[in-house]
Amino acid sequence: MAEALIAGIVIFTLATFLGVELINRVPTTLHTPLMSGANAISGITVVGAIIVAGGGHGWISTVLGFLAVVLAMMNVVGGYAVTDRMLQMFRRKPEAP
Amino acid sequence: MMSAALVEVLYLVAAVCFIIGLKRLGSPATAVNGNRLSGAGMLIAIVVTLVDRSIVSYTVIAAGLVVGSALGLWMAKAVRMTAMPQMVALLNGFGGASSLLVGGAEFLRSELTGQQLALDTSITIQLSLLIGAVTLTGSLVAYAKLQELLSGRPITFPGLQALNAALFLTIAGLSVYQVLTPDSILWPFYAVCALSLVLGVLLVIPIGGADMPVVISLLNSYSGIAAAMTGFVIRNDVLIISGALVGSSGIILSQIMCKAMNRSLTNVLFGAFGGGGGAAGTARSAEGLTVRQVTADDAAVQLAYARSVIVIPGYGLAVAQAQHLVRELADLIEKRGGEVRYAIHPVAGRMPGHMNVLLAEANVPYDKLFDMDAINGEFERADVALVIGANDVVNPAARTDPGSPIYGMPILNADHARSIIVLKRGMGSGFAGIENDLFYDPKTAMLFGDAKGSLTALVSEIKAVA
């Protein structure tokens, strides 16, 4: 168990530094879509929610899991869709004069 | 069922999609692609989870996936671009709530079945409860402030910080007790959840509306960390990796924003900035000074004959939904031979890059948008600086008055332009709650009214100028 925990902490630390490097290179222009896009990624808890909801561990787990799936999916789908909507505007070619 | 190794590899693929996706978000040309790649990573993670884990009932999951996706899609379609900060806050709160529920469900399952949790799992469950709950209520308060359901002013009372510290210590104490006690007791669990929810509210209410973007970004970071904690709880690396990525991105963005306002993160979180009184009381009062008011037709003439105009859009422009009118006005000026550029302050709008999104929505080509550093030298050669709904970011006191609460904040040098036209609703002060010397500058003309009305008038008056 302790080994798995250590491995987890190592991964967490390395990924944190990677995140810092990635984000520092994004220009201000794109910070709003970046924030909503990163926010969508944090909806990854949906994985945990699915495991809890579908594990057949009794009704409490199922109900809480169901709610967790709904909320996480709103986070995921809402986040990606709205980011896409914003980025489409940036990609749009300036109209010819 | 897939082999355990394949599952791990696929989760790794998902994590790589997130990483490359974030990297591609770094340039307008690749950003759309990057975001979709990141979405594909999420889909992989979800599908792998559905296929692999000991899932016994799919009905509930399927229902949850469908309902959540539909609601999320609807929100993303319905939201107005001006409301983007609230939207991010709300979605972020949902993410936090999900972490809280997952942590809670895992805890209750082990307690009710009398199963003993490993120490590390037990600790990470407590952490995901705390962080998830704070993210949930903190984000909801941020949402309410930005949506103006709550006052944007800091709400604070003496001893609030001490109370928060006490709350946090109580939560920590209860968590430790819960982890260490072998008996099956539930009350510390409920207390931790309830107190953490309260803590989230109390941490955010003393922060002013103008600082909400920093808070959202920080809460985004928390929701990332909450996801990573969930990853520890259910032993899943993809959660840990993506949680850490989001965690660091939130922190970095908060820091960038604080830098643009020349404030420290501590000051933003605990300074109750913009409350009037306090620090703001040291700013010079504007009594005895007069402003010069113009009519729309005078301002229109001035703009019509200007060779070079720099537009400084602020949040007031976004509130009035007037970005399309600005574009129309700019087109008219350009048709008459003038040049129009846009100066974007790093905190223009309600979060960094927000103004870029709003102007992109109005089809303003992004080669006309200039960062503060790129345009500040150009103001001296500009005939007109047109300030629309911006205030603190053009306040020269930031350069000249060491007593001002915004002293040292980088600003746009609108006061260096040959003339300045300010479109403003009234003489109210900005988010920082202080007077703006620019408005009393003899070169400055004020055109009062809401941005939309004033711009409509300007557009029709310019058309009338022969």
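1. Among contacts in chain B between residues at least 6 apart in sequence, what percentage join residues at least 24 apart? The figure is 79%. Keep in mind that this is a predicted model.

2. Start with the make-up of chain B. Its secondary structure comprises 17 helices and six strands. Of its 466 residues, 52% are buried.

3. Next, the dimensions. Along the principal axes, a box of roughly 85 × 50 × 30 Å holds the C-alpha atoms of chain B.

4. Chain B splits into three named parts. Domain 1 covers 1-78, domain 2 covers 82-270, and domain 3 covers 283-464. Between the C-alpha centres of domain 1 of chain B and domain 3 of chain B there are 43 Å.

5. Now look at where the chains meet. Chain B puts 98 residues into the contact, and chain A puts in 79 residues. On the chain B side, several helices each supply at least two residues: α1 (4-24), α2 (28-52), α3 (58-78), α4 (84-112), α8 (212-234), α9 (237-260) and α14 (354-361). Which helix gives the largest share of the side of chain B that touches chain A? That is α4(B), with 18 residues.

6. The side of chain B that touches chain A has 57 nonpolar residues. Another 31 are polar, and ten are charged. When you view the model, find α4(B) at the contact with chain A. Then trace the other contributing helices of chain B, including α1 (4-24) and α14 (354-361).

Technical notes: Residues are numbered from 1 along each chain as its sequence is written. Chains are lettered from A and ligands numbered from 1 in the order in which they are written. This is a predicted model: local features need pLDDT of at least 70, side-chain atom pairs count only at pLDDT 80 or more; totals for chains, interfaces and linings use all residues. Two residues are in contact if their C-beta atoms, placed from the backbone, lie within 7 Å. Helices (H or I, at least four residues) and strands (E, at least two) are DSSP runs, numbered from the N terminus. Ala, Val, Leu, Ile, Met, Phe, Trp, Tyr, Cys and Pro count as nonpolar, Asp, Glu, Lys and Arg as charged, and the others, Gly among them, as polar. Domain bounds come from an automatic or database domain assignment. A residue is buried if 20 or more other C-beta atoms lie within 10 Å of its own, exposed if 12 or fewer, and partly exposed in between; C-beta atoms are placed from the backbone.
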